[in-house]
Amino acid sequence: MNVKTYKYIIIGNSAAGIGTVEGIRRIDGVGSIAVISSEPYHTYSRPLISYLLEGKTDTERMKYRPDGFYEANGCDTYLGVSVSSIEAGPHTVTLESGDVLKYSKLMVSTGSEPFVPPFKGLESVPEKFSFMTLDDALRLRNAIDRTAQPKVLIIGAGLIGLKCCEGIYNTVTDKKGSITVVDLSPKVLSSILNDDAAAIVKSSIESKGVTFHLGQTVSEFDGKRAVLSDGSELSFDILVLAVGVKPRISLVKDAGGETERGIITDKYQKTSLEDVYAAGDCVQSFDISCGKSRILAILPGAYRQGEAAGLTMAGCAYAYDCAIPMNAIGFFGLHMITAGSYEGDVYTESDGGSYKALYYKDNLLKGYIMIGNVARAGIYTSLIREKIPLDSVDFGMLCKEPALMAFSQKYRAEKLGGVVI
Amino acid sequence: MKKVYVNEKWCLACHLCEYYCAFAATGSDLMYKVLKNAVINPRIRVEEKGNISFAVSCRHCEVPLCVKGCISGALSEKDGVISIDKSKCVGCYTCVLSCPYGAIMPSDSGVMQKCELCLSTKEGEPQCAAHCPNGAIVYEER
């Protein structure tokens, strides 16, 4: 059998995979690269699928890198191709066609997939969708388009469920349909907001006419009918399942690599398998804001991990070792930015439509939530990421607004004046 | 590469840099025609408190966190200059979350804007520095 050999094979074509390509090419301009993806598309931005449905972008503009990216970076692409297994010993991957490719270094950036709990009667629901991929979004749009007065039921009031809600809102509303959101959690966006912030966001989305049933789960589906845990019944036409996601770890796990909830890597993104690296939503990251290993399924982190792995794979060891959870998201024009961990003392401020909470402990900013006025939030992020001691800045001033004025003159001379200290 | 540098010792908080920034984006030839009574939304902003003041604009970082974090691929780096393709930006604010200097902000249309060193304007170089009366903002190689 003719086995094609590459210096680098990258499984996955989203942020972590592209980061890997760009990391490799900063060091190694010639080593052969293969990019394999089960999706048949040029790299696209996954979080933009809700903006696509909303009409704020299109399939051309949502490309994560320009046309010609693979050619410019000397990559062979295997798009619409699934990988069946990794053979870590002989350094090969087997494709579903049975073809075998050999690698010197392998990146596994397989992302995550929807987690669907075993709902009773789910198989009886005629129109049900996840909301993770471009195909998911196109199928959902198609279902809404061919349904008169579509009643959409979204299970999950997290980032994915609520972005989906926003994405389909105009179309559903124009067709005189309705959107209902159910979540087991008593609050929306429970992974990124505290109770006060969640209440603000919930009432803002409710004011658009979206109905919430929180603290509820679906005890049974029966065709186009859902029975909630409190016994009430909802009828719907289209079901979106956005309960959660789980890291895709099976390729590495089945090859004998160390996994927990996600793939375990060292700080250079190397797995326990020789010459196999992993990055993005499929791995566990070390969160420096709380000192724990956890899943941080965010795009900027995925890119940084991929880039660090690419540099390392090409021979220039580089660690991305300042990962923190962080999200910038908005619904119906209400923007929010959150980062870090919500532990320690808290400074809160609420003014009109804006809300802010800063969490600090041990002379460090640990986390923050900003809603409404999010200007210059990155200054807070940098305090967390760079672990800047709060006694070296005017924290009282920073609480009021993020500003470089609160930093030392020396810091400013270095950052703004280019003065080398 | 040449960059914009700020020395707060010479800054009088006159805000001319903000006006020249806003003006440069208009392509007009007379400032009063386009900025009289206008609320300007410049990409350089002066911070001031007491007798300290200084202007802040994009540092064109060597490790540009905004570019690396951009979810749409709208921000990119070429020859050390960070620029934004506004047609690709959806206004998600991830760059606002990422920038350690608070130097990227929404434009009037909602998508993001940042200092691009006036390279695509008719002047071709940063107008904040060119018109700073005190040399508190300079554009030079260091």
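**The sheet in chain A**

Modeller: In chain A, five strands make up an open sheet with antiparallel pairing, in the order S20-S21-S24-S23-S22. Please keep in mind that this is a predicted model.

Colleague: Which strands stand at the edges?

Modeller: Strand S20 (326-331) and strand S22 (345-351) of chain A do; each has a single partner strand, so one side of each has no neighbour in the sheet.

Colleague: By how many degrees are neighbouring strands turned against each other?

Modeller: On average by 10°, direction ignored.

Colleague: How many bridges link S21 and S24 of chain A?

Modeller: Strand S21 (residues 334-340) and strand S24 (residues 364-371) of chain A are joined by five bridges, in the antiparallel sense. Within this pairing, Thr338(A) has Ile369(A) of S24(A) as its bridge partner.

Colleague: Which strands does helix H9 of chain A lie across?

Modeller: Helix H9 (residues 377-385) lies across S20, S21 and S24 of chain A, and its direction is at about 155° to S24(A).

Colleague: Let us move to the interface. Which elements of chain A give two or more residues to the side that touches chain B?

Modeller: In total, 39 residues of chain A are in contact with 31 residues of chain B. The elements giving two or more residues on the chain A side are helix H8 (299-313), S20, S21, H9 and helix H11 (409-415). By class, that side holds 21 nonpolar, nine polar and nine charged residues.

Colleague: H8 of chain A also packs on H1 of chain A. At what angle do they pack, and how far apart are their axes?

Modeller: Helix H1 (residues 15-27) of chain A and H8(A) pack at about 35°, and their axes are 6 Å apart. The crossing of H1(A) and H8(A) is right-handed.

Colleague: Which residues make that contact?

Modeller: From H1(A) they include Gly17(A), Thr20(A), Val21(A) and Ile24(A), and from H8(A) they include Ala302(A), Gly306(A), Ala309(A) and Met313(A). The residues of the contact of H1(A) with H8(A) divide into 13 nonpolar, seven polar and four charged.

Colleague: How is chain A divided into domains?

Modeller: Domain 1 covers 4-111 + 248-313, domain 2 covers 114-245 and domain 3 covers 333-415. The centres of domain 1 and domain 3 of chain A, taken over C-alpha atoms, are separated by 33 Å.

Colleague: And what is the domain assignment of chain B?

Modeller: Chain B has domain 1 (1-57 + 117-142) and domain 2 (60-114). Their centres, over C-alpha atoms, are 19 Å apart. Eight residues of domain 1 of chain B are in contact with eleven residues of domain 2 of chain B. The domain 1 side of that contact has four nonpolar, two polar and two charged residues.

Colleague: Which residues of helix H1 of chain B are buried?

Modeller: In helix H1 (residues 16-24) of chain B, the buried residues are Cys17(B), Tyr20(B), Cys21(B), Ala22(B), Phe23(B) and Ala24(B). Among the elements covering them are helix H2 (31-35), strand S2 (45-49) and strand S8 (137-141) of chain B.

Colleague: One last point: why does Gly177(A) count as buried?

Modeller: Gly177(A) counts as buried because 20 C-beta neighbours lie inside 10 Å. Gly177(A) sits in the loop between helix H5 (159-174) and strand S10 (178-183) of chain A. Leaving aside neighbours within four places in sequence, the contacts of Gly177(A) include Pro150(A), Val152(A) and Val172(A). The C-alpha atom of Gly177(A) is 4.1 Å from that of Gln149(A), 28 residues apart along the chain.

Methods:
Residues are numbered from 1 along each chain as its sequence is written. Chains are lettered from A and ligands numbered from 1 in the order in which they are written. This is a predicted model: local features need pLDDT of at least 70, side-chain atom pairs count only at pLDDT 80 or more; totals for chains, interfaces and linings use all residues. Two strands pair if DSSP finds at least two bridges between them. Helices (H or I, at least four residues) and strands (E, at least two) are DSSP runs, numbered from the N terminus. Axes are lines fitted to C-alpha atoms, for helices over the stretch in contact, and angles run from 0 to 180 degrees between N-to-C directions. Two residues are in contact if their C-beta atoms, placed from the backbone, lie within 7 Å. Domain bounds come from an automatic or database domain assignment. Ala, Val, Leu, Ile, Met, Phe, Trp, Tyr, Cys and Pro count as nonpolar, Asp, Glu, Lys and Arg as charged, and the others, Gly among them, as polar. A crossing is left-handed if the near helix is turned anticlockwise from the far one by less than a right angle, and right-handed if clockwise. A residue is buried if 20 or more other C-beta atoms lie within 10 Å of its own, exposed if 12 or fewer, and partly exposed in between; C-beta atoms are placed from the backbone.
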